[in-house]
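These are my notebook entries on one protein model. I set down what I looked up, entry by entry.

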Amino acid sequence: MIILKTPAEIEIMAQASRVVAEVLQVVERAVSPGISTEELDQIAEKEIRARGAIPAFKGYRNYPKTLCVSVNEQVVHGIPSKRKLKEGDIVGLDLGAIVGGFYGDSAVTVAVGRVSEDVLRLIKVTEQALYLGIEQAVVGNRISDISHAVQRHVESAGYSVVTEFVGHGIGRQLHEEPQVPNYGKPGQGPRLQSGMVLAIEPMVNMGGSAVRILDDRWTAVTVDGSLSAHFEHTIAVQPNGPAKILSWRPEAVACS
Ligand code: MF3
Ligand code: CO
């Protein structure tokens with residue numbers, strides 16, 4: 001069952017998502033060679049609580065931390081540790097917060113110091129795929145119109161989408177119906193309706209699409225060891241016109 005949200009509920013979800021966006025920006029600024037992924041997690045937790053919000057991932061299915069930090073060939077759900085970032089790494093930062101009983105969820109991938117042009121292109125294409133997906137999140141379309149837009153952009157750039165993990169409805173639960181895959185034919189799945197709130201989250205591998213889970217039971221990595229990028233926004237489908245991006249980061253560079 002897809003739970004539609006009232007405008008008042010969407011306003012609360014916007015608050016949760018705004019906390020996530022602000023804190024992601026603080027964490028993003030702290031990313032630099034030498035910082036450990038655990039230190040990034042500590043910053044995230046402190047900044048979330050300072051805003052009166054609750055870390056959404058900590059304790060979710062026994063996940064131990066506030067932030068997911070996925071380095072290089074790690075796709076998603078990397079667990080913060082003593083590992084230090086180094087120049088040339090790329091790092092996915094995925095964060096959720098709860099405000100007034102509602103969740104917000106967003107992710108970005110950033111470079112640590114200088115990285116090569118082709119690595120920057122992977123990051124850029126993944127972010128573009130997210131915004132192309134969001135463009136499809138309008139009344140009259142179906143879920144797979146989002147999926148198709150993401151897949152088309154990613155594959156025409158020569159990369160592959162991860163199929164084992166999907167975007168999702170979000171509300172009083174982190175994961176609600178419907179699932180939002182990053183692949184598929186257009187015109188399939190539930191019709192988009194005003195009041196649907198979705199977390200759209202393309203995961204893009206430079207090489208093959210296959211992933212596996214490490215022995216820590218969380219960290220997803222590419223099987224071929226190729227780099228992977230991940231972006232996510234929480235968005236609300238509007239009665240008319242484009243979806244509202246609830247986790248919009250004021251400093252985020254809209255991509256072209
Ligand atoms: N953004 C991810 C998701 O929507 C984060 C979940 S991490 C978890 O699934 F630890 F909370 F599972
Ligand atoms: Co999510």
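**Entry 1: the metal site.** I began with the sequence spacing of the residues that donate to the cobalt ion (ligand 2), which reads D-x62-H-x32-E-x30-E. Donors are N, O and S atoms within 2.8 Å of the metal (3.2 Å for Na, K and Ca), and sites may look incomplete because water is not among the atoms. Asp105 lies in strand β5 (residues 102-111) and Glu232 in the loop between β13 (228-230) and β14 (233-236), so this pair ties together parts 127 residues apart in sequence. Helices (H or I, at least four residues) and strands (E, at least two) are DSSP runs, numbered from the N terminus.

I noted that this is a predicted model, in which local features need pLDDT of at least 70 and side-chain atom pairs count only at pLDDT 80 or more, while totals for chains, interfaces and linings use all residues. Residues are numbered from 1 along each chain as its sequence is written, chains are lettered from A and ligands numbered from 1 in the order in which they are written, and side-chain values use heavy atoms, without hydrogens and water.

**Entry 2: the donors.** Which atoms coordinate the cobalt ion (ligand 2)? I found Asp105 (OD), His168 (NE2), Glu201 (OE) and Glu232 (OE), at 2.1 to 2.3 Å. The 6 donor atoms subtend angles of 64 to 169°, which makes the arrangement irregular; six donors count as octahedral if opposite donors are over 155 degrees apart and all others between 65 and 115.

Are Asp105 and Glu232 buried or exposed? Buried means under 20% relative accessible area, exposed over 50%, partly exposed in between (1.4 Å probe, protein chains only). Asp105 counts as buried at 3%, and Glu232 is buried at 0%.

**Entry 3: helix α2.** I checked the length of α2 (residues 37-50): at 1.5 Å a residue, its 14 residues should span 20 Å, and its end C-alpha atoms are 20 Å apart, which agrees. The expected span is 1.5 Å times one less than the number of residues. Among its buried residues are Leu40, Asp41, Ala44 and Ile48. An α-helix has 3.6 residues a turn, so residues three or four places apart point the same way. The buried residues of α2 pack against α1 (7-30), β1 (54-55), β2 (67-71) and β4 (90-99). Gly52, which follows α2, has a positive phi near 75°.

**Entry 4: a loop residue.** I located Val138 in the loop between α3 (117-135) and α4 (143-156). Val138 touches Leu192, Val237, Gly241 and Pro242, leaving aside residues up to four places away in sequence; contact means heavy atoms within 4.5 Å. Val138 and Gly241 are 103 residues apart in sequence, yet 6.6 Å apart in space, C-alpha to C-alpha.

Conventions. Tetrahedral: all angles 85-135°; square planar, octahedral: opposite > 155°, others 65-115°.
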